[in-house]
There are 2 protein chains.
Amino acid sequence: MTALHETTYHSLIAGEPVTGTGGAVRAIDPAAGVETGPEFTLLGEGQLQEATAQAAEAFASYRALTPQQRAEFLTTAAERIEARGAEIVAVAMTETGLPEARLQGELARTVNQLRLFAKVSAAGDHHGVRLEPALPDRTPLPRPDLRQRRIPLGPVGVFGASNFPLAFSVAGGDTASALAAGCPVVFKAHNAHPGTGQLVGQAVSEAVRAHDLHPGVFSLVYGRGREVGQQLVADPHIRAVGFTGSRSGGTSLMATAAARPEPIPVYAEMSSVNPIFVLDSAVTEDRIEALAEGFVTSLNGSAGQLCTAPGLLFVPRGEAADAFVARVAEKVQAAVGVTMLTPSICASRHEGEQRLTGLTAVEPVGRGQDGGTENAPAPAVYTTDVTSYLAEPELSEEIFGAVCLVVRYDSAEDLNSVVEGLEGQLTATLHFDESDAADLELAQQLLTGLELRVGRILVGGWPTGVDVGDAMVHGGPFPATSDGRSTSVGTAAIERFLRPIVYQNLPAGLRPEPVQDENPWQLDRRVEGRTVLAEGGNR
Amino acid sequence: MTALHETTYHSLIAGEPVTGTGGAVRAIDPAAGVETGPEFTLLGEGQLQEATAQAAEAFASYRALTPQQRAEFLTTAAERIEARGAEIVAVAMTETGLPEARLQGELARTVNQLRLFAKVSAAGDHHGVRLEPALPDRTPLPRPDLRQRRIPLGPVGVFGASNFPLAFSVAGGDTASALAAGCPVVFKAHNAHPGTGQLVGQAVSEAVRAHDLHPGVFSLVYGRGREVGQQLVADPHIRAVGFTGSRSGGTSLMATAAARPEPIPVYAEMSSVNPIFVLDSAVTEDRIEALAEGFVTSLNGSAGQLCTAPGLLFVPRGEAADAFVARVAEKVQAAVGVTMLTPSICASRHEGEQRLTGLTAVEPVGRGQDGGTENAPAPAVYTTDVTSYLAEPELSEEIFGAVCLVVRYDSAEDLNSVVEGLEGQLTATLHFDESDAADLELAQQLLTGLELRVGRILVGGWPTGVDVGDAMVHGGPFPATSDGRSTSVGTAAIERFLRPIVYQNLPAGLRPEPVQDENPWQLDRRVEGRTVLAEGGNR
């Protein structure tokens, strides 16, 4: 790890290195299965409060920035990360085992995401302004002057994901959307990629300094996973939480947040098996090759360590479908395992696979080859019948890794029962031929049921790969997330960190810019219940 | 109660009377302190599920209504309530002790609110549509076709408030906003006004029948308060909860919702002392008469039983302010107590007042006369100094009723400390003369602090009286509500019962109306991140 020259690194609290008194960790190179890189000291008793207190102190000045100032800060953060791009990717490769091309792509996504939120901040739709001018002559009662806007919640605690060391980590989506909303961030570094986190954290801290912001706007803290994590969620300065990780991790943070004297929202993105429904018309002779290829690529990409990786594939009975499954078997057998993120994630995957194969109703379809490194298990596909699936809840549990269960079904009723019993999911995908009237009708039925259980519904294609834009929803009902009312990817994520407030009869001299008559920030606003577009605008 | 001719009434489950097996209650006429009117049977073991299962069954067809159909249903509900207006007001007068004029006003507010949500439903902004057309040539990756909209959460459990037997009860704001969003409602009737609830419930059920909707769209259930209430929140068919009531009631529902296998959002509006800050420039000779008059009217209106009633009045030291407090004392002494809603609310008020007067730092300012009925305690004002206030948390607790504490302060620093220590509030009010530069600056400071703790900030006027429109926020940080990210009054309340979903590459034939290219519902929509106004529109 050439980019990290010191032997020891520390938390960056309000821009300053703070030596942790709670021991230290080193990264593990998962391809070699050995420790690598420098030490990172972990926060001990009472040290986290330095970060949260600084964040609370920074909040007043940070939320008072103009949209343009906040946009410039986010843009600088993107630039500083880009400037260290080569170092960041090199360290991330060693710490996560992810290939260079994937990390380059993720780096681009991360900086583009910061720039997207800079645009969102500048455009200012998230201020959510609603104006109702006074109606002194209204009967039976006059109406006062009412001006609503949204303000940021306050300091946000963010937890990084192991599987996206850049795009869902230190300067990832949660951090970008919270900062764009006007909330300082205290980021709990993921101990699986501490060096990557350090480099990105330094870049963000530089951006804070470059714009002369209160240094408490951003802190990066290292600590023993659940210990410091729970402290962060319980800390009275923290007003909301962003988390991406396991169901057990997420639900334990939800419980801590709900038990606070003053409960706070937790946005946890947790677990999803992302069912894929293959209808009869999708397994015709001319389609099965591409379908099998697409499926195995989606399954084995990033070693299946994606929130949206396909974990359940529903395939009809019949010869054509048998041919499709046979093609899947061939392709899986030819596929080679990819290094997983950590030895413990790999061990969990093995346990999950063993639990699955221990069930009598489960048969193997195909298993690829182990990769040439440590922690690179072969991708594997198993199969069961729909009756067993419906009877055995364990068959619908997520196995984080390149393991998929093919469920063979007999009828449309089977699929409706499957949908009916589905837990909340990030995604669901339908494969069928649009020109097949029967399948189009079945797809319509399934769609209606899936809407109530899923955040994103695809027709064709594969759920892996989440576009970061204005219309994306990366969310879904529990247990896919803690709160299906929001998204953690895309511009709408900014809404998670805001709340509305109304000013009644506020004199002109006291009105904040978003609600001033002159509309100095050129916002689109609602006036008397109708949207009025800004004439100029910052787009 | 001439309008209720039967000797016994029952829950209205999916439009049908269902005899409860859990005993019965009668209303209490608080002015007389005796039971009155017919019996209402209470649901027993296992009966609630009939209502929630019917609501779940109704959801599919109800959410599929067009905006216009839903608007027509809400309008009919308003008409049916209006048609029984005289009966409803007569029964409510007996059950709540509230005067006729107040109830007439509340009836008007209730039906106007239903009509407002009919308009909201027809305009359709709450569909929150965001479109990003496919970009097949984008590099490095093509963009799929993405179409986001919001869909209703599912059946909502709603709890009525004792203090608004119409506008926050059976067909009140929570019911109207949930129904407008497309969610069936199971309403837990308040046992303090069971007959009022029955009449309004019959009217809503008639509207359901008139539009040939699935009868499960609306149920009204009677039960023992916390028992059936907890069952409702724990019921797996219920997807969100609206509640207006006490802090202990609200927090216990929050705990139940968080402990469900699948947690759900609870929107509880709970407690608030609604501080009023009187600055020096507001207590000049020419202003104190109107200020004292306005204050005592706001304090004693509806016996102080309003969520936004003033509970804390911060008044400076000095002769001018002394004169103001003396004027308040006179006016309170001349004021006459009003019948409270129930004997137990009256008893709680007495207890609260006794706790307050038991504290050594508290002195009386003035006490009015008891009303001529049972349960009509005199309005009362007490005073303390700011040092005691800051030292004694009990002094900032809500007493539900016409009791206010005047806190005398010495300096701007005192007020800043007060704001700093404030719990979440529905409202805060500033009184000052805008032409006084020093007070304008102080107001600016206080405003900045209050924004983080309050949902609505007033300059001048009194917090009682909440305008129902597009810009209102009736909400605020915990403990004012369970969730400061929303409002329970005004059109934005509809957002509480929706969540986003995105369709990726959905063929034209499967697209729901809100996301179709043709925009058949004429919605304002976001396209590529910018709002595009509908050409026609339903406004």
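# Briefing: the interface of chains A and B

In this predicted model, 74 residues of chain B are in contact with 74 residues of chain A, where contact means heavy atoms within 4.5 Å. The two chains bury about 6300 Å² between them, with 52% of it on carbon and sulfur atoms. Buried area is the accessible area (1.4 Å probe) that two parts lose on being put together, summed over both. Among the residues of chain B, the three that supply more of the area buried against chain A than any other three are B:Asp470, B:Arg485 and B:Leu510, with 12%.

Residues are numbered from 1 along each chain as its sequence is written, chains are lettered from A and ligands numbered from 1 in the order in which they are written. Because the model is predicted, local features need pLDDT of at least 70 and side-chain atom pairs count only at pLDDT 80 or more, while totals for chains, interfaces and linings use all residues; side-chain values use heavy atoms, with hydrogens and water left out.

**Make-up of the interface**

- Across the interface of chain B and chain A, 45 residue pairs are in polar contact, both residues being at pLDDT 80 or more. A polar contact is a pair of N or O atoms within 3.5 Å; within protein, one must be able to donate a hydrogen and the other to accept it, and residues adjacent in sequence count only if both atoms are side-chain atoms.
- The elements of chain B that give two or more residues to the side touching chain A include α1 (48-63), α14 (437-451), β19 (454-459) and β20 (498-504). Helices (H or I, at least four residues) and strands (E, at least two) are DSSP runs, numbered from the N terminus.
- The largest share of that side of chain B, 7 residues, comes from β20(B).
- By class, the side of chain B that touches chain A has 37 nonpolar, 13 polar and 24 charged residues. Ala, Val, Leu, Ile, Met, Phe, Trp, Tyr, Cys and Pro count as nonpolar, Asp, Glu, Lys and Arg as charged, and the others, Gly among them, as polar.

- Of the 7 residues of β20(B), 7 are buried, so the strand is largely enclosed by the rest of the structure. Buried means under 20% relative accessible area, exposed over 50%, and partly exposed in between (1.4 Å probe, protein chains only).
- B:Leu498, B:Pro500, B:Val502 and B:Gln504 point one way from β20(B), B:Arg499, B:Ile501 and B:Tyr503 point the other way, and all are buried.
- Within chain B, β7(B) and β20(B) run antiparallel and are joined by 7 bridges; B:Ile151 has B:Arg499 as its bridge partner in β20(B). Two strands pair if DSSP finds at least two bridges between them.
- Between the chains, strand β19 (residues 454-459) of chain A runs parallel to β20(B), joined by 3 bridges, and A:Ile457 has B:Tyr503 as its bridge partner.
- Strand β20 (residues 498-504) of chain A pairs with β19(B) in the parallel sense over 3 bridges, and A:Gln504 has B:Leu458 as its bridge partner.

**A residue in strand β22 of chain A**

- A:Thr531 has its place in strand β22 (residues 530-532) of chain A and counts as buried at 16% relative accessibility.
- Not counting residues up to four places away in sequence, A:Thr531 touches A:Arg525, A:Arg526, B:Asp524, B:Thr531 and B:Leu533.

**Salt bridges**

- Side chains of opposite charge can pair when their charged atoms come close. A salt bridge is a side-chain nitrogen of Lys or Arg within 4 Å of a carboxyl oxygen of Asp or Glu.
- The structure holds 66 salt bridges over all chains, and the count between chain B and chain A is 18.
- One salt bridge between the chains joins the side chains of B:Arg130 and A:Asp470 (3.1 Å, N to O).
- In chain A, the side chains of A:Arg408 and A:Asp322 meet in a salt bridge (2.6 Å, N to O). A:Arg408 lies in strand β17 (residues 403-409) and A:Asp322 in helix α10 of chain A, so the pair ties together parts that are 86 residues apart in sequence.
- A:Arg408 is buried, with a relative accessible area of 9%, whereas A:Asp322 is partly exposed at 40%.
- In chain B, B:Arg143 forms a salt bridge with B:Glu528, the closest N and O atoms being 2.6 Å apart. B:Arg143 lies in the loop between β6 and β7 of chain B and B:Glu528 in the loop between β21 (525-527) and β22 of chain B, so the pair ties together parts that are 385 residues apart in sequence.
- Salt bridges that share partners join A:Asp125, A:Asp470, A:Glu495, B:Arg130, B:Arg150 and B:Arg526 into one network.
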